[in-house]
Amino acid sequence: MKLIKVAAATLNQTPLDWEHNKCNILRAIGEARELGVKILCLPELCITGYGCEDAFLSPGVLSLAQQVLAEILPETRELVVGLGLPVFHNKATFNACCLMVDRKIAGFVAKRALAGDGIHYEPRWFKPWPRGRRSRLRVGGMDYPIGDLFFECDGVRIGFEICEDAWIAQRPGAELALDAVDIILNPSASHFAFGKYDVRRRLVLEGSRAFGVSYVYANLLGNEAGRAIYDGDALIATGGKLVARGRRFGFGDHALITSVIDVDLTRSQHARLSSFEPHVTPEPEECVVCEHVFSETKPEVREDGHDAWESSERLKEEEFARAIALGLFDYLRKSRSRGFVVSLSGGADSAAVACLCSIAVRMGCSELGLDGFRAKLGHIPELGQAKTPDQLVRQLLTTVYQSTANSSDTTRQAAREVAEAISARHFELDVAPVVSRYTEMVEAALGRGLSWNGDDLALQNIQARARAPSVWMLANVQGALLLSTSNRSEAAVGYATMDGDTAGGLSPIAGIDKAFLRAWLRWLESEGPEDFGPIPGLASVNRQAPTAELRPLAARQTDEQDLMPYELLDAIERASIRDRRSPLEVYQLMRAQFPNYAPRDLFIWLERFFRLWSRNQWKRERYAPSFHVDDANLDPKTWCRFPILSGGFERELTELRRFVEKS
């Protein structure tokens, strides 16, 4: 048997942070050497960072990437290392991976399938490498092979599938299998989204089985560039069996998984397949032979290191808590902000944001320890005084309840209870005098009084806007990051006050619909994340019907009375925006999905949705950056582009109205 220890590393990189990225790479290489690893796979574009956007078009960035590659190369002693970087060749930029073998560059494989859907925009920066083509790339004054290649080291053949290459029908792995490749490395930058782990796992398992290989999959980790969160998923599979998997949502700079694979066993298993018809002789220059001898590797027994919560029935709730917590922590430290400020209204949205901040601190302390956590936030020296996670939360999280004449004792008390339960520093401010002063000034300017009958929207919005200056001031004084609390359902219909409750530098729940958010808060009240437990102080929030609390209390305002049932709103949004269905098609679907609602009510709500959607694209364009947690979101900068000015579905809604009237 021929045993080789392979490894996949996850890295928490930052775009264009050259020294940080290099240090993470070198630490992963050093740990791999200490563990006796022979072949190491690092993530896609890990030298530059994946989220460099249009900086990939800069010649200076491409040149620096090669300089950093040259600085990493001497540290690959006795190792075979694959890692990603952009390269410039024949007046085009390619997303490539370099294979380094014992301090020498063996060659480069360029990505064939570029990700250009969803949040991805790779075709803007890169060109796809043509199938079956090979060339020479000049790096550091020397020429190296680049293109559709595989490599042979000590009789072991190594090939690449680069992230999206594995997600297409004609995977490069199928051709590598015909060339009798033994190991496929997949350097990836695959962002987190609900349900994506299962798909990723199937791709790795099926690739290892169908191609008769050991498959090593390495991914990025953390909030790399602001919006996308990488779960740090790393997988190693052999012959259709998962032999190692990494812990997801870690707070460290890097993590490593390893496994000892038996190349001879994988070969014999593949040889038994009657459908396998290998290429007897590779094409010229297709195989790059490297002078390298693998040292002896001893057998080992490994245990599956996955977390218990990943097999939970409430996986989505766990994933949401851990993904947003990691995203908030990385955003805090990479932006060098000194904490979070949340306008805590006593309602569901702001309570969720505040709880997620607290969870981020507690999860970080649990993994890194108090000293490690404080070291990660070394730009906040006063954290050194904190001796417990509760004290750290109090130093990092400020919440503020801002009352107006229409605020209730119920929401005031709910805000207090949540702040106390999560150990936040809490303030209460009365902005009613500010609201009155603005109202009086406008009334004087207009020469008339404002009334709820004639000026409802203006009188509601001024209350939300009057809260923004004070909470912004608190954030500025503390050097902290103000978090917006708007959710996805509100974004769909513009049910938010621009420069009011949308105020903030980051909007962590803007990708989450209200129905799921409320269910998540109930779960957080009763169960909570694995190893951290519930937050019973949410009970007073969960008992309430969602309300903006901007009209007089006697009006008994609720969100769903203003809009429609949130469950229905979210279903309409998914059918119309995600699935691109017409208003009539959406109506027919909703009739089947919600038979308890009268047809006339459904029509009214549908018409309201499409009109509000069309009018409020300008608001979605102005939302603070949000986290990407669902592959179909409403962020116009990552997934959902829609014109700011449009016809407003007038013809389509007329067609729907006629259909309903005839029914």
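Contact here means heavy atoms within 4.5 Å. The model shown is predicted: local features need pLDDT of at least 70, side-chain atom pairs count only at pLDDT 80 or more, and totals for chains, interfaces and linings use all residues. Residues are numbered from 1 along each chain as its sequence is written, and side-chain values use heavy atoms, with hydrogens and water left out.

View 1. Helices (H or I, at least four residues) and strands (E, at least two) are DSSP runs, numbered from the N terminus. Axes are lines fitted to C-alpha atoms, for helices over the stretch in contact, and angles run from 0 to 180 degrees between N-to-C directions.

View 2. Six bridges link strand 19 (residues 397-403) with strand 20 in the parallel sense, and T398 stands opposite R425 in strand 20.

**View 3. The crossing of helix 7 and helix 8.** The axes of helix 7 (residues 315-334) and helix 8 (residues 348-376) come within 8 Å and cross at roughly 55°. The two helices are therefore oblique to each other: angles under 35 degrees count as roughly parallel, over 145 as roughly antiparallel, 65 to 115 as roughly perpendicular and the rest as oblique. Helix 7 passes helix 8 in a right-handed crossing; a crossing is left-handed if the near helix is turned anticlockwise from the far one by less than a right angle, and right-handed if clockwise. Residues of helix 7 in this contact include F320, I324 and L328, while those of helix 8 include L356, I359 and M363. By class, the contact of helix 7 with helix 8 holds 13 nonpolar, no polar and three charged residues. Ala, Val, Leu, Ile, Met, Phe, Trp, Tyr, Cys and Pro count as nonpolar, Asp, Glu, Lys and Arg as charged, and the others, Gly among them, as polar.

**View 4. The crossing of helix 8 and helix 9.** The axes of helix 8 and helix 9 (residues 389-396) come within 10 Å and cross at roughly 115°. That angle makes helix 8 roughly perpendicular to helix 9. Helix 8 passes helix 9 in a right-handed crossing. Among the residues in contact are S358, V361 and F373 of helix 8, together with P389, D390 and L392 of helix 9. Eight nonpolar, one polar and three charged residues make up the contact of helix 8 with helix 9.

View 5. The order of the strands is 15-14-11-10-9-8-17, with mixed pairing. Strand 15 (241-245) and strand 17 (287-290) are the edge strands, and each pairs on one side only. The twist averages 20° from one strand to the next. Strand 9 (residues 156-160) and strand 10 (residues 183-187) run parallel and are joined by three bridges; I158 has I183 in strand 10 as its bridge partner. Helix 5 (residues 196-210) lies across strand 11 (214-218), strand 14 (235-238) and strand 15, running at about 35° to strand 14.

Conventions
Two strands pair if DSSP finds at least two bridges between them.
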